[in-house]
Amino acid sequence: MAVSFLANVVSDLCLGKPALRSLPISATVADALAALKNTDDNFISVWDCVDHSAKVEFGHDNVGVGRECRCVGKVCMVDVICYLCRDENLLSPSAALKAPVSAILPKIPGLVRHLEPSSRLWEAIDLILQGAQNLVVPIQTKLSSYSRRKQLQKPSATGPTTIHNGREFCWLTQEDVIRFLLGSIGLFSPLPALSVDTLGIITTDILAIDYYSPASSAIGAISRSLSEQTSVAVVDGDGGLIGEISPFTLACCDETVAAAITTLSSGDLMAYIDCGGPPEDLVRAVKARLKEKNLEGMLEEFNILTASGASLLSSSSSSSSDEESLLSTSRSGRYSRSMSYSSRMVRRAEAIVCHPKSSLVAVMIQAIAHRVNYVWVVEDDCSLVGIVTFCNMLKIFREHLETMGWKG
């Protein structure tokens with residue numbers, strides 16, 4: 001069984017995965033925003049293509065990944081929100097959206113790495129432990145003659161596409177690897193039954209902010225938590241965990257959250273981004289405080305979005321019935337301000353927690369069930385101990401793989 005497990009390749013984890021939607025590096029922030037609001041994916045990949053007109057060979061598995069085009073990063077709604085919260089963009093968010101998408105690309109090298117489908121599972125784990133968040137893997141499939149002709153057409157200069165170098169690609173994430181390991185968890189006995197405390201995988205270096213502190217003071221922490229795939233804990237004066245400001249929740253919102261971050265406290269921001277839509281009293285508070293701060297440009301855009309549910313880029317026509325409205329939001333992928341949360345997944349600002357004595361397998365299941373890459377660790381009195389991440393777990397599994405015969 002152990003030998004069979006070690007023989008698994010990356011393509012085993014990619015079966016059934018959809019093709020990546022992507023944008024060229026020449027796109028603008030506005031293009032990225034439009035793409036994010038019209039897809040069910042939290043992230044859009046960004047590609048740098050040297051020569052779109054280059055001929056592509058077919059029928060050969062060794063067509064070079066990235067010889068003509070290469071994924072250089074990924075962006076999500078949180079990147080847009082943090083970008084709009086910058087001091088220089090507060091006065092005129094519409095003008096800020098005209099900047100190139102490179103303005104919001106994370107500057108941390110190695111967050112996205114290319115990997116061949118024939119690569120071993122342990123190679124993927126190694127790349128993740130080196131800092132990769134997403135692995136870009138070619139999808140192994142036979143293309144029809146029509147598809148081959150279509151992929152030779154010159155892609156849009158700014159619009160989304162799924163084909164590069166004559167191939168489609170998919171994401172491989174930390175969650176995919178953890179989910180795969182969970183399917184073979186018996187091979188790792190007795191590791192899964194041990195507590196996270198016993199295994200020493202609780203990280204105490206966490207990102208946290210006081211409940212009453214301005215949400216704007218957490219922008220740096222939010223950006224860092226996105227790059228680390230964790231979250232920002234919201235705590236009381238005694239260090240007790242109250243909730244969180246999670247990139248996973250913010251990614252399901254729209255760009256109006258930038259106005260909320262600029263004007264609300266951290267506690268109020270949690271209520272604003274909580275599922276079901278922001279309370280009307282907080283919407284009124286955001287408008288009033290934007291006016292007080294003389295942020296007329298952001299106020300104008302906020303009013304447009306809250307009044308009509310329109311994008312900063314184009315307004316949406318209202319449906320004549322609730323059923324039509326639901327169908328419309330499902331197709332667009334994201335709700336308008338009054339329902340500014342993704343139709344595919346709604347997450348509360350309530351933090352997902354475990355106890356130091358919780359078993360590793362229980363924490364794995366808990367994180368996967370809530371579609372997050374981490375679980376907060378608290379004592380019985382809700383005092384915050386630390387956080388357990390997928391990366392912490394993978395380090396333990398990697399060490400165990402060495403005892404199974406892998407000497408990578």
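Helices H7 and H17 are oblique to each other in this predicted model. H7 covers residues 174–183 and H17 covers residues 390–403. Their axes come within 10 Å and cross at roughly 45°. The crossing of H7 and H17 is left-handed. On the H7 side, the contact is made by Gln-174, Glu-175, Val-177, Ile-178 and Leu-181. H17 contributes Phe-390, Cys-391, Met-393, Leu-394 and Phe-397. By class, 8 of the residues in this contact are nonpolar, 1 is polar and 1 is charged.

Val-235 was examined next. This residue is found in strand E9, which spans residues 232–235. The relative accessible area of Val-235 is 12%, below the 20% cut-off, and the residue is therefore buried. Ala-208 lies 27 residues from Val-235 along the chain. The C-alpha atoms of these two residues are separated by 6.8 Å.

Helix H5 comprises residues 121–129. Leu-121, Ala-124, Ile-125, Asp-126, Leu-127 and Ile-128 are buried in this helix. The buried set thus includes a charged residue, Asp-126. Just after H5, Gly-131 takes a positive phi of about 120°.

These elements belong to a chain of 408 residues. The chain holds 17 helices and 13 strands. Of its residues, 53% count as buried. Among contacts with a separation of 6 or more, 71% are between residues 24 or more positions apart.

The chain averages a pLDDT of 81, and 76% of the residues score at least 70. Over residues 52–67 the pLDDT is below 50. Where pLDDT is low, the predicted coordinates should not be read in detail.

Methods:
Residues numbered from 1 in each chain as written. Predicted model: local features only at pLDDT ≥ 70, side-chain atom pairs only at ≥ 80, totals over all residues. Heavy atoms only, no water. Axes fitted to C-alpha atoms, helices over the stretch in contact; angles between N-to-C directions. Helix = DSSP H or I, 4+ residues; strand = E, 2+ residues; numbered from the N terminus. Parallel < 35°, antiparallel > 145°, perpendicular 65-115°, else oblique. Left-handed = near helix turned anticlockwise from the far one by under 90°. Contact = heavy atoms within 4.5 Å. pLDDT = per-residue confidence, 0-100. Buried < 20%, exposed > 50% of the residue type's maximum accessible area, 1.4 Å probe, protein only.
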